[in-house]
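Work through the two exercises below with the sequence and the 3D view open side by side, and try each task before reading its solution.

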Amino acid sequence: MANPLALRLAGLVLLCMVVGAPIAQAAITCGQVSTSLGPCINYVKTGGALPPACCAGIKALRAAAKTTAETQAACKCIKSAVSAISGINYGIAAGLPGKCGVSIPYKISPSTDCSTVKS
């Protein structure tokens with residue numbers, strides 16, 4: 001016969017896994033951000049024609065960031081990514097969401113404080 005305490009513990013672990021799974025899946029990762037914004041890199045360096053795939057990525061990323069925590073995570077990932085790429089024109093980068101018809105609650109800039117961003 002199984003130990004009743006062990007069964008309760010196993011049940012609690014299973015419950016945590018089931019309840020926690022949707023939360024873990026909802027989190028935005030820097031990989032998602034990089035994939036979504038990859039088509040924008042040349043544009044934010046040189047300007048020119050705005051690639052449709054760039055706007056599609058921005059729209060998908062904005063749709064995925066539903067909570068304040070997700071929006072802050074996306075902001076941090078974007079800030080980290082743009083600071084690692086040389087030659088970014090931050091004026092072009094800051095205007096990118098508006099050109100794609102997307103409103104985000106922060107400026108794409110190395111000086112943005114992502115911890116103060118609200119969804």
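A residue is called buried when its relative accessible area is under 20%, exposed when that area is over 50%, and partly exposed in between, using a 1.4 Å probe and protein chains only. By this rule, 30% of the 119 residues of the protein count as buried. The model is predicted, so local features need pLDDT of at least 70 and side-chain atom pairs count only at pLDDT 80 or more, while totals for chains, interfaces and linings use all residues. Residues are numbered from 1 along each chain as its sequence is written, and side-chain values use heavy atoms, with hydrogens and water left out.

**Exercise 1.** Find where Ile-108 lies and which residues it touches.

Solution. Begin with the helices, which are DSSP runs of H or I with at least four residues, numbered from the N terminus; Ile-108 is placed in the segment after helix H6 (90-99). Next, consider its surroundings: leaving out residues up to four places away in sequence, Ile-108 touches Ile-78, Val-82, Tyr-90, Ala-93, Ala-94 and Pro-97, where contact means heavy atoms within 4.5 Å. Finally, Ile-108 has a relative accessible area of 10%, and is therefore buried.

**Exercise 2.** Decide whether Ser-109 is buried or exposed, and find its contacts.

Solution. Ser-109 also belongs to the segment after H6, and its relative accessible area of 12% makes Ser-109 buried. Beyond its neighbours within four places in sequence, Ser-109 is in contact with Lys-79 and Tyr-90.

Key. Helices (H or I, at least four residues) and strands (E, at least two) are DSSP runs, numbered from the N terminus.
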